[in-house]
Amino acid sequence: MTPAARRGYFPLRGAGAIPARDKRMETTPKQEAWGSFLGEISRRVKRQQFDTWFRKVQPRRLDGDGVELEAPNEFVRQWLQKYYLDTIREAAQKVFDGAE
């Protein structure tokens, strides 16, 4: 296991970003991309699953080379990899590559 994986980071591939406008405040492209990604995840899982497993996940890296997420702890990281990796990849592909 890599040092980054032990800290709860795991990379996902994807590129680009689809902005999601928030009229209340100006956001950065990274914040907009992250909001779009979370929105896509929330459409793919039940609300309780989203709140339990995705609410505290943070973006470590969002750029043209991929998506890297930071889980709040090792247990959540392992759970996401075991049960939600396909969902995460599909959401990242849709949001960051513009694919279905």
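Start by selecting F37: this residue is buried, with a relative accessible area of 1% (buried means under 20%, exposed over 50% and partly exposed in between, with a 1.4 Å probe and protein chains only). You are looking at a predicted model, where local features need pLDDT of at least 70, side-chain atom pairs count only at pLDDT 80 or more, and totals for chains, interfaces and linings use all residues. Residues are numbered from 1 along each chain as its sequence is written, and side-chain values use heavy atoms, leaving out hydrogens and water.

W34 and F37 form a stacked aromatic pair, 5.4 Å centre to centre with 25° between the planes. Rings of Phe, Tyr and Trp (its six-membered ring) pair if their centres lie within 6.5 Å; planes under 30 degrees apart are stacked, over 60 edge-to-face, and the rest tilted.

Now move to helix 4 (74-97); helices here are DSSP runs of H or I with at least four residues, and strands are E runs of at least two, numbered from the N terminus. Select W79 and Y83, four residues apart in helix 4. Their ring centres are 4.3 Å apart and their planes at 40°, so the pair is tilted. W79 is partly exposed at 28%, and Y83 is partly exposed at 45%.
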